[in-house]
Structure formats: C-alpha cells, structure tokens
Amino acid sequence: MNENIKLDALMAVVSAYLKRGCDLQYDQRSMDRILQLTPRRRKRLPPEAATPDHTLFLDCSGYVSAIFYETFGYELPSDLTWHMIDLVEPQVYYYEITHQETAEERGAIEAELRALLQPGDIITYDRYVGSGHTMLYLGNDRYTDCTAGGRPDGYDYAGRKNRYYPEGGLFVQPLEKLFACENGGLAPSNVFHEKKRRFAVSRPLERMGEPTPRSLARLGDARDLVCAVTTSHPGAKMADAGDTVIYTLRVRSFREENCTVNISLEAGLTGDGTVQCMLPAHGGTEVRFALQVKDTQAMWIRPQITVNTLDVWTPRVLLGKLPTQERLSRLCADFERELAVCGDALQAAARAYAARGIPMAERGREFVFSHFYLHDSPAGDVLSRRPQDPRKDLSVWGMFGGTGVITAEMATSDGMRCTQLERRDLMPGDVILCCDDACGHGCYGSFYDGECLTGAFEDGECVRSIRDEELDAFVDSLFGRYAFILLRPFQAQ
C-alpha cells in the first residue's frame with residue numbers, strides 16, 4: 001500500500017482525537033497494569049466515543065496505542081512506557097543517559113534526533129521510578145501527547161475526586177520542549193533531565209497493513225467531520241419495553257467549504273434510511289432519532305449510525321423491566337422501616353427486596369465473592385469480575401470498578417466496566433456496595449430512593465443520608481476506592 005496513504009490515515013485519526021476537546025481527559029493510571037489499576041481503561045475506543053455523555057480517559061501510551069489501533073486495527077506490543085522502548089519495533093534510535101553529557105554532546109544528539117525523526121514515529125523515554133512518557137511525532141518539529149500538561153493529574157486517587165479540564169487531555173507540543181532549559185538547568189520535560197533513564201524512537205508505521213474502513217472514511221467523505229451521539233438513557237439509566245429512546249447525533253464540519261452530510265440509520269430507528277443535510281463551512285447540525293423498545297430480552301440496544309460512510313460509535317442503552325412508581329415508593333418506604341429496625345442499609349434493602357420475592361444477601365462480603373474472584377500474591381491482592389448476569393446477580397451490567405478490580409477483558413473489551421458514574425445513572429431502589437480490601441472485610445452499602453442515598457459511606461461509619469453535592473462527591477469518589485458495584489435488585493422481578 002502507498003506509504004503516504006498510511007501516514008495520511010494515521011494523521012486523520014490523530015486529528016479526530018484532537019478535536020474531542022474536553023470530552024477526552026487524561027488519567028495517569030490508564031495503563032494496563034497488574035496491581036496498580038485504573039477504573040477507566042478504554043484504549044480501543046474510537047475518537048467518536050468521547051462525547052458530552054461519555055468522557056474518554058487515556059494516558060500518554062494509551063493515546064498512542066489508540067491511534068494505531070484505530071488507524072490499522074493493530075495492537076502495539078505494549079502500552080507501558082518503560083516496556084514500549086524495548087518492545088515497539090522497529091527501533092531506529094536508542095540512548096541510555098549517563099548524565100555526564102556536556103551541552104555540546106546534548107546538542108549533537110538533539111541534532112541527530114531532529115534529522116532522524118519522521119511523521120508517525122513514537123518517541124518514548126522512561127524514568128528511574130518506573131514510569132515515563134510516550135509521544136507521537138507529527139512532523140514539522142511537533143509531537144502530540146496525552147498529558148496533565150503540568151497540572152495535577154486527571155483523577156486525585158488520594159482525595160478520590162475527578163479533575164476535569166476544559167481544554168481536555170490532548171496537546172500538540174513543539175519538539176523544542178524535549179530539549180528545553182529553564183533557570184540555568186534542564187527543564188523537567190528535557191529528555192536529559194536527571195530523572196530520565198533512557199529514550200528511544202520507534203517506527204512501527206512502516207510495518208502497518210491497510211488502514212481500517214473508519215480511518216479511510218476520515219480521509220474521504222467524512223474528512224474533517226466531528227460526530228458525537230448521545231442518548232436520552234445514558235450510563236446506567238435503563239429503558240423498559242414500550243419506552244422511547246432518543247438518540248441525538250451532532251455533526252460539526254471543520255471544512256472551509258460547504259459539504260453534504262448523508263446519515264444512514266439502522267432499521268428500527270425512526271426515519272430509517274438516509275437523512276441528508278447541507279453543512280456550511282465550519283458549521284454544525286443536530287439530528288434526533290427515536291427507537292421504540294419492543295422488549296427487554298436483550299441486555300441492551302446499540303443502533304448503528306453512519307455519517308458519510310463513517311461508522312459512528314453509539315452508546316449502548318441498558319434494558320430492563322422497571323417497577324411502577326407506586327411499587328418503587330412502597331419499596332423505599334419498606335427500606336426506611338427495616339432500616340429503623342436493623343440499622344444497616346444493606347440488610348434493610350435485602351429485607352425490603354425479600355418481601356417482594358427477590359432474594360438478596362444481607363452481608364456485603366457475600367456480594368463481594370459472588371461477583372468477584374480473589375487473586376492474591378506477595379505483591380498485592382486484586383479482585384477480578386466474575387461473568388456478569390444482571391438478572392441473577394442483581395448487578396447493573398458493567399457498573400463496577402475501583403483501584404483493586406480487574407477484568408480479563410479490561411484491556412480489549414468496550415463496556416466490561418464503567419469509566420464514569422454520575423447521580424443521573426442511579427435509579428430508585430439501587431444499592432451501591434463498596435469494599436476497601438480484597439478479602440471483603442471493609443464493606444459498606446447505601447440505598448438510593450430517588451433523592452437521597454442512605455447508608456454508610458466509609459467502613460464503620462454510622463448510617464446517614466446524603467444528597468445533592470455530597471451525593472455527587474460520593475459517587476465521584478467510587479473510582480478511588482478499592483472496589484464498588486452498583487446493584488439493581490428489581491431486575492430479578
């Protein structure tokens with residue numbers, strides 16, 4: 001295949017990611033580690049998966065890996081910075097830093113690198129502490145990376161809270177930054193800084209096969225179009241038989257001229273067939289489609305929407321049989337009555353559901369080991385998710401996570417676990433179970449009635465109710481906890 005086509009496809013994908021703005025954020029734990037885990041791994045999703053309803057989290061090496069996967073369907077042999085230096089081939093430059101280099105020697109190496117670099121090359125350095133940084137060279141003395149950009153990291157795991165930045169997590173940087181000096185010394189970004197151990201340049205582009213259909217579409221009819229699909233039922237919000245789910249497609253053009261947009265819809269959406277509209281230069285449009293849910297035998301629905309031959313990522317909508325408002329009100333009242341008797345939110349919820357013929361464990365530890373496997377080692381313990389069956393295990397599909405939880409498919413499968421959870425995702429009757437250790441000793445749960453979350457929010461804490469900002473802060477904190485899972489027992493009715 002023409003090498004120029006491969007490079008053009010790669011750069012088109014880079015451009016698509018860069019245009020996601022604040023919908024794509026940096027998370028410093030987005031690497032596929034074993035014992036230091038991220039709750040928000042999504043390195044295989046396309047740029048269009050970053051939407052106002054679905055934040056896409058990446059780190060530096062995950063970003064570069066995502067670019068090659070989206071462009072060529074190729075999985076780099078590693079997405080850990082300190083492994084990429086050794087494993088991503090062909091390697092065209094390698095240097096181990098002695099920290100005895102003179103200014104003249106550093107200048108000579110800089111000149112050699114500048115002459116060597118080609119668009120599509122991967123630049124990687126690692127540090128003595130077992131981390132590093134990965135960048136993709138764009139040409140014209142520029143590279144792109146995913147980074148906190150000198151700010152605090154995207155998620156404060158110690159404080160258990162998100163940090164969202166309006167400019168997002170992707171940047172285009174001048175190559176000079178890698179050789180910069182400040183205050184008479186080497187800048188922290190300098191590849192020769194005292195904390196750096198070695199750096200390398202790899203050139204995997206020359207070994208890539210044909211670009212994927214999506215990346216080719218971005219070179220053709222979908223060139224410079226930014227698409228995003230949101231839904232009326234985001235996250236863990238369920239749709240029942242007879243409900244209407246609204247999908248909203250937003251398309252923005254970055255072209256200098258007017259363009260025609262053809263939107264193809266999967267059968268089942270209102271107006272299936274093709275919708276055509278004209279976009280002005282740098283203009284946008286919004287189109288809404290409806291889908292009538294016929295039954296809830298499937299776990300979710302995810303229709304296909306194509307814009308100018310670009311298969312656009314669409315969020316899945318969970319399906320389930322929902323109780324009436326009257327039944328939910330009685331359930332919440334029964335929970336309050338049982339809570340006054342037993343003083344434990346998980347036990348009160350179990351008794352309220354048991355009265356409706358839905359058996360539910362009263363002890364959190366039972367839930368931990370019915371939903372997770374324990375893997376212990378001298379280096380530390382982790383939990384891995386058992387096969388999901390929401391109709392039997394009472395959980396919401398994919399709604400679990402934490403710093404100590406893994407899944408066998410977490411690096412490759414979209415949607416095995418959630419990457420964000422908000423108050424809007426909760427439904428009356430939901431139970432949030434948290435665990436602070438792999439053995440299930442530090443368990444605590446809370447029950448949601450539609451306004452308040454009632455229960456314990458730390459191990460050993462007395463029962464109380466939270467709402468509004470305090471509720472939002474607790475939900476936000478879940479990804480910094482060891483493990484959590486969202487239960488929705490009424491699915492078993």
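Helix H6 (residues 325-342) gives the largest share of the lining of the second largest cavity, three residues. Helices here are DSSP runs of H or I with at least four residues, strands are E runs of at least two, and both are numbered from the N terminus. The model is predicted: local features need pLDDT of at least 70, side-chain atom pairs count only at pLDDT 80 or more, and totals for chains, interfaces and linings use all residues. Residues are numbered from 1 along each chain as its sequence is written, and side-chain values use heavy atoms, without hydrogens and water.

Stay with this cavity. About 70 Å³ of space lies in it. Its lining includes Arg327, Leu328 and Leu331, along with Tyr353 and Phe490. By class, six lining residues are nonpolar, one is polar and two are charged. A cavity is a set of points on a 1 Å grid over the protein atoms alone where a 1.4 Å probe fits but cannot get out; lining residues have an atom within 4 Å of a point. Points are joined across faces, edges and corners, and the volume is the space filled by probe spheres set on them.

Arg337 pairs with Asp334, with the closest N and O atoms 2.1 Å apart. Both lie in helix H6, three residues apart, about one turn of the helix. A salt bridge needs a side-chain nitrogen of Lys or Arg within 4 Å of a carboxyl oxygen of Asp or Glu. Arg337 counts as exposed because its relative accessibility is 51%. Asp334 is buried, at 17%. The cut-offs are under 20% relative accessible area for buried and over 50% for exposed, with partly exposed in between (1.4 Å probe, protein chains only).

Now move to the largest cavity. Its volume is about 350 Å³. Of its 21 lining residues, the closest to its centre are His54, Gly235, Trp313, Arg316 and Met399. Strand S25 (residues 395-401) supplies the largest share of this lining, three residues. In all, the structure holds five cavities of 30 Å³ or more.

Other salt bridges span the chain. The structure holds 34 of them. Arg198 pairs with Asp86, the closest N and O atoms being 3.0 Å apart. This pair links distant parts of the chain: Arg198 sits in strand S12 (residues 196-202) and Asp86 in helix H3 (residues 81-87), 112 residues apart. Arg198 is buried, with a relative accessible area of 7%, whereas Asp86 is partly exposed at 45%. Elsewhere, a network of salt bridges links Glu48, Glu70, Arg214 and Arg218.

Definitions and conventions
On a 1 Å grid over the protein atoms alone, a cavity is a set of points where a 1.4 Å probe fits but cannot get out, and a pocket is an open set with protein on both sides within 12 Å along at least five of seven lines; lining residues have an atom within 4 Å of a point. Ala, Val, Leu, Ile, Met, Phe, Trp, Tyr, Cys and Pro count as nonpolar, Asp, Glu, Lys and Arg as charged, and the others, Gly among them, as polar.
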